[in-house]
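User: I would like to learn how to read a few features of a model. Please take them one at a time.

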Amino acid sequence: MLLEVRGLRKVYQGKERQVEAIRDLTFGVDAGDLVCLVGPSGCGKTTLLKCIAGLLTPTSGEALLDGRRVSGPPPGMAVVFQEYGRSLFPWMSVRDNVELPLRQKKLPRATRRSLVDDALSAVGLGDTHDAYPWQLSGGMQQRVAIARAVAYQPDVLLMDEPFAAVDAQTRADLEDLIRDLWHKLAVTILFVTHDIDEAVYLGQRVIVLSSSPTVVREDVDIDLPDARDQLHTRSDSRFTELRSHIYAQIQAAKRESTPGSTDAARDTDLAKQVLQ
Amino acid sequence: MKAVLGLLGLAGLLVLVEVLPYLGLVPADFLPPTHRIASALAGEVGDSGFWQALWDTLVAWAIGLAIAVVAGVVAGIVIGTVPGLRAVTASTIEFLRPIPSVALIPLAVLMYGTELQSTLLLVVYASFWQVLIQVLYGVQDVDPVADETARSYGLGLWARIRYVLWPTALPYVMTGVRLAAAVALVLAITAELVIGAPGLGSRIAVAQASNAIPDMYALVAVTGLLGVAINLGARRVERWLLRWHQSVRGEVVV
């Protein structure tokens, strides 16, 4: 198992009260898998991802990459954030944005150059090297962020609701791009989303999370054929079944925690603000 | 259109100064008409002493500003990035910052007499705070997502300062530099005027003492022009350095 989360718990310590964002999460992702995480809003998906990425320290439990405990951002892991506009650096051209992590890896210039070129053409942006990110549309900016992750040649790619801020058509294109890159690069992907359709369409497995304080509610195998396309896959009856099943799970998750659910969602938001 | 109106206003001022002494509203001894100031200015321009004074002022200004900017940036980044340092230094900064630089004139004279260092002490003290305060604001403005991105790609502290913190703080730094450049000129002239260190300020004092009133006005006008030139230059550098920034690039049609 390449990526493992064991008994992970995260409690935000505010000034006056503490908020338990994640209670107890355990799951694993095999090398080469594409796994989606879905859950009701405010269930701590982003918190979980940041713990795995080494950007937050879990209160207890651990995340393991290749058997090694994550204590800071591990090499071999790249993160694509939802807020592409803030994650790309406006003071750097597209090329420099993609190249910066490679410089930190101390790769020789020629290698960097070819990695940047390959990554940008892989995401369909072969001719925007010299543009600044803010000169591009939202969808193109997120492609640049994906290219930056691809050029980094990670073993694991973490994606935090990467398409939540783009329009529906761009979103469909980007979903296909991810499937395509995953096939080509044999990278392991953990994809967090609140969109059930997206999770079923993309994943081999979908892990359904409960409301906060979060536990794994169900681990669903997506037994759809490997070749997927927006038109046929989405009208497949199995797709509809899976989608309805997960939808029901999430609705149930929301209901079960009704007494405190809105409160819990607000608490995690509050805790995020406190910590930022 | 805006430039035309601006020039029109300036011409109006020149005309006003020309006619005021003739109307007897102010004595011509204290405010000579424009044409006499202009001819005094022409005389100054032909005098090598004037150029030496201008050079001295510019050197004091430039060295003082450079020291203040470097010190302000380094101090700002250190205070802003070392946890806890900001809280420790805040009260001291708030105490030292409002002390007017001119209050240090006796100290400057005591330490350096009428040397260049006297002027530098005042210039650096006044401009340093302008830069420091802006850098402190700039350091706070780092976007958490940008910082997390940098960390997730394994950028260390130094790389994050260079590639994330510095560009984020740069618009603030440039504002600080622009303010500091103006303040530095004020203090350079003040120091020369009061202490007598060589420069335009002491030349103004000499002109006044020897009753060369039109020359005095001509030199005052030169300091004004210098201020305008410094501000324009600073803005131009700012626009070039921040061409990627929202405030400069404007709205982009995507």
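User: How far apart do the end C-alpha atoms of residues 54–238 of chain B lie, and what share of the span is helix and what share strand?

Analyst: This is a predicted model, in which local features need pLDDT of at least 70 and side-chain atom pairs count only at pLDDT 80 or more, while totals for chains, interfaces and linings use all residues. Residues are numbered from 1 along each chain as its sequence is written, and chains are lettered from A and ligands numbered from 1 in the order in which they are written. Helices (H or I, at least four residues) and strands (E, at least two) are DSSP runs, numbered from the N terminus. In residues 54–238 of chain B, the span is 85% helix and 0% strand, and the end C-alpha atoms lie 25 Å apart.

User: What does UniProt list for residues 54–238 of chain B?

Analyst: UniProt positions are given here in the numbering of this model, feature names are shortened, and annotations may be inferred rather than shown by experiment. The unreviewed entry lists these residues as "domain: ABC transmembrane type-1".

User: How many residues of chain B are in contact with chain A?

Analyst: Two residues are in contact if their C-beta atoms, placed from the backbone, lie within 7 Å. Here 17 residues of chain B contact 22 residues of chain A. On the chain B side, helix H7 (144–152) and helix H8 (157–195) are the elements that give two or more residues. H7(B) provides the largest share, seven residues.

User: Which domains does the assignment give for chain A?

Analyst: Domain bounds come from an automatic or database domain assignment. For chain A these are domain 1 (3–76 + 156–275) and domain 2 (84–153). Their C-alpha centres lie 25 Å apart. Nine residues from domain 1 and seven residues from domain 2 make the contact.
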